[in-house]
Each structure stands twice: as structure tokens, then as C-alpha cells.
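Please look over the chain shown here. The report below covers its salt bridges, core, selected residues and confidence.

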Amino acid sequence: MKQTNHIIEAIVIACGLAVLGISIKWGIDDFANKDRKVTVKGLAEKEVEADKVTWPISTKEIGNSLPDLYQKIGQTEATIKRFLTDNGVKAEEINVNAPVVIDLNAERWGDNRNPNRYNITSVITVTSRNVKLIRSLIARQGELLKDGIAIVDGGYENPIRYEYVSFQEMKPEMMEQAIANAQKTADQFAKNSKSRLNKIVNADQGQFSIDNRDENTPYIKKIRVVTTITYSLKD
């Protein structure tokens, strides 16, 4: 009986030592692997056509009589609006801005010898999702010259702007592509280091940017997303 108890105690101790040994091994493995990580970047890019355009149509009138200039501006605006609507632009896409009047004789550094006292800028803004139509009309704006209307450059204050407003709809797809590219890079790194990818330790939501493809085609947008992901490695 006494001998049996010793045997049982020996078995219990042996099992305890075995469990302790396994636990220590796991702990050593975890300790050895906990700092084995790889951080990679995933990139996804796509070119798309703009789906919204804002076209400021600027005209200038100069003269000395404000009533006469007011009437002339009204005629110019009516002609431009007719040109737009006759060619498919919707009335609700057209907005007439208040004219900007400069009294040249009131200029501080002027010599008050200007033959025309007033310089008036009028801007009609077209905002549309039909980018192809508006681009075609921008190319045809010279037709207004036959009506005595010259469209002037809007400069920095009134540039033509192209946007891609459907961006939110494609964010999930681009993020998925960026993550896949990041994992491909991480897989190659793990292979080269004779390891395997484990789980994701850290990841960001990705940095998105939308830019013109180039200066000559502002209506073509390049969408870019870069995500940074850290994986742990294991043998």
C-alpha cells in the first residue's frame, strides 16, 4: 500500500514536470517570437474620369455709365444662358453670381485718367455631373464671339474644377486591394527569412489622395491609397 502511494506520487510529479516543461517551452517560444515582426506598406492606384465639373464663365464690361453697363451685362448673361440651355445644360445647373464692380477712378494709386471709369466682372457658374457635355461646351465657347461676347480667363479666383465625388463608393475595394498587396510583400519577406506570416499586429485605415493625372488632363483623376500593416512572424 505504501509502495503504491509512492508510485502515484511519482506519476503526479512526473506529469507536473511534463506540464511545466511544456509551459516553459511555450513561454520561451512566445518570448522568442514576440518581437519577430514585419511592417509593410500596401499600395493601390486607380485612374478615373471626373464625375463633377464646376465651370465659372467670366466676362468683363468697361464703361462710364452704370445703367448702360447694367443693361449690357443683362444681355450678355441672357446670351450665355441661352447658349448653355440650347446645348443641353439644365437651368438648375446654372448660377448667376453678383457682378463685381471696380471704380478705376477710386483706385488709390490711379491717376484718374482712365477713359473708362468702371470695370465690371460678371461670372456665371455651371455645376454639372455631365462632365463630357460641359467639356464639349468649354471647347465651343468661342462660338459666343459671334455675339460679341468674349469669355475671359477666370484666373486663380475662378478656375475650372473637376472632381470625383463617387470616391466613397470605391474606398472598400481599394482598401482590399492595398491590403492584399501589403500581404503579398509580407509573404515574400517571410519566405526570404524562412518564416511564415502569423496574425496582424497593427494596421492603419489607409491614406487616400485624389490628384490630377497631369496638368493637361485635370478631368482624369488618380486615386491612391497607402496602408501600413504590421504582421507577426512564426517558424
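Glutamate 61 is buried in this predicted model, because its relative accessible area is 11%, under the 20% cut-off. Its side chain meets that of lysine 72 in a salt bridge (3.5 Å, N to O). The pair links distant parts of the chain: lysine 72 lies in helix α2 and glutamate 61 in strand β2, eleven residues apart. Lysine 72 is partly exposed, at 43% relative accessible area.

**Salt bridges**

The whole structure holds seven salt bridges. Three of them are tabulated here.

| Salt bridge | N to O distance |
|---|---|
| Glutamate 45 – arginine 224 | 2.7 Å |
| Aspartate 51 – arginine 129 | 3.6 Å |
| Lysine 72 – glutamate 61 | 3.5 Å |

Glutamate 45 and arginine 224 form a salt bridge. Glutamate 45 is partly exposed, with a relative accessible area of 38%. Arginine 224 also counts as partly exposed, at 36%.

Aspartate 51 and arginine 129 form another salt bridge. Here two loops are linked: aspartate 51 sits between β1 and β2, arginine 129 between β5 and α3, 78 residues apart. Aspartate 51 counts as buried at 13% relative accessibility. Arginine 129 is exposed, with a relative accessible area of 52%.

**Lysine 221**

The nearest side chain of opposite charge, aspartate 211, is 8.0 Å away. Lysine 221 has polar partners, though. Its side chain makes a polar contact of 2.4 Å with the side chain of asparagine 212. The side chain of lysine 221 also reaches the backbone oxygen of proline 218 at 3.2 Å. Beyond four places in sequence, lysine 221 touches residues including Lys46, Glu47, Tyr162, Tyr164 and Arg213.

**Asparagine 181**

Asparagine 181 belongs to helix α4 (residues 167–192). It is partly exposed, with a relative accessible area of 25%. Its side chain reaches the backbone oxygen of leucine 43 at 2.7 Å. Leaving out residues up to four places away, asparagine 181 touches Gly42 and Leu43. The C-alpha atoms of asparagine 181 and valine 40 are separated by 9.4 Å, although 141 residues lie along the chain from one to the other.

**Nonpolar cores**

The largest nonpolar core has 19 residues; Trp55, Leu84 and Val89 touch the most other members. At least two residues of this core come from each of β2 (52–63), α2 (66–86), β5 (118–128) and α3 (131–139). The largest share, five residues, is from α3. Leucine 84 touches Trp55, Ile57, Val89, Ile94, Ile124, Val126 and Leu137, not counting residues up to four places away in sequence. A second, separate core has ten residues, among them Ala44, Met174, Met175 and Ala178.

**Chain and confidence**

The chain has four helices and nine strands. From the N terminus, they run α-β-β-α-β-β-β-α-β-α-β-β-β. Of the 235 residues, 30% are buried. Among contacts between residues at least 6 apart in sequence, 80% join residues at least 24 apart.

The average pLDDT is 84, and 82% of the residues score at least 70. Helix α1 (residues 2–33) has the lowest mean pLDDT of the elements (48), and α3 has the highest (97). Over residues 16–33 the pLDDT is below 50. Beyond near neighbours in sequence, that stretch has two contacts in the model.

Notes. Residues numbered from 1 in each chain as written. Heavy atoms only, no water. Core = buried A, V, L, I, M, F, W, Y, C linked by side-chain atoms within 4.5 Å. Buried < 20%, exposed > 50% of the residue type's maximum accessible area, 1.4 Å probe, protein only. Contact = heavy atoms within 4.5 Å. Lys, Arg positive; Asp, Glu negative; His and termini not counted. Salt bridge = Lys/Arg side-chain N within 4 Å of Asp/Glu carboxyl O. Polar contact = N/O pair within 3.5 Å; in protein donor to acceptor, adjacent residues only side chain to side chain. pLDDT = per-residue confidence, 0-100.
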